[in-house]
Amino acid sequence: MEKILTAAIFLLLAIAFHARQGHCEAQTPEQLVRDFYAWYFEADKGPVAAEDKPEIYKYVAAKAVKYIKYFPPENVSYFVKANTFNAIWEKPKIIVGKSVLMAGDMYIIPVTFKLRDENYHEDYHVVVFAMKENGSFYIIKVTDIYPYS
């Protein structure tokens, strides 16, 4: 009986350690951005925009969502900074760069969307700003990096 109890305690500790370790790994700015865009490209396919789905609050700060809804960008996706979504955007290769700590708990994270097919080769670049709030990272802003023309 003592061996079973010891084994059960060891198993519970191992599960708790693994869950805690997985939680810490997911709490990086880069992982937030990877998870967000994986969700975003799937969530934005249906009749309801991703910005209008409650799951967005898992990734984006509430104040940012409120701002995007109140001041929606014209003819462009706020999170991608592109105005044309066609089949090439179905599965873009998303490259998330290394984050840079700017001040306090605010990070900037470069993101590249590589769009490829037999006739089209284009890269879109954005910079995501993420901030830690209550122990979790949230996206607070997304901007493109293209020069004004």
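V142 belongs to strand β5, which covers residues 136-144 (strands being DSSP runs of E of at least two residues and helices runs of H or I of at least four, numbered from the N terminus). In this predicted model, local features need pLDDT of at least 70 and side-chain atom pairs count only at pLDDT 80 or more, whereas totals for chains, interfaces and linings use all residues. Residues are numbered from 1 along each chain as its sequence is written, and side-chain values use heavy atoms, with hydrogens and water left out.

With a relative accessible area of 2%, V142 is buried (buried meaning under 20%, exposed over 50% and partly exposed in between, with a 1.4 Å probe and protein chains only). Residues up to four places away in sequence aside, V142 touches Y37, Y78, F79, K81, V126, V127 and V128, where contact means heavy atoms within 4.5 Å. Of these, K81 is 61 residues from V142 in sequence, with a C-alpha to C-alpha separation of 8.4 Å.

Helix α2 (residues 29-43) has 15 residues and should span 21 Å at 1.5 Å a residue, in agreement with the 21 Å between its end C-alpha atoms; the expected span is 1.5 Å times one less than the number of residues.

The count of salt bridges comes to 2, the rule being a side-chain nitrogen of Lys or Arg within 4 Å of a carboxyl oxygen of Asp or Glu. K45 pairs with E42 at 3.1 Å, N to O, and K114 pairs with D123, their closest N and O atoms also lying 3.1 Å apart. K45 is partly exposed at 40% relative accessibility, as is E42 at 47%.
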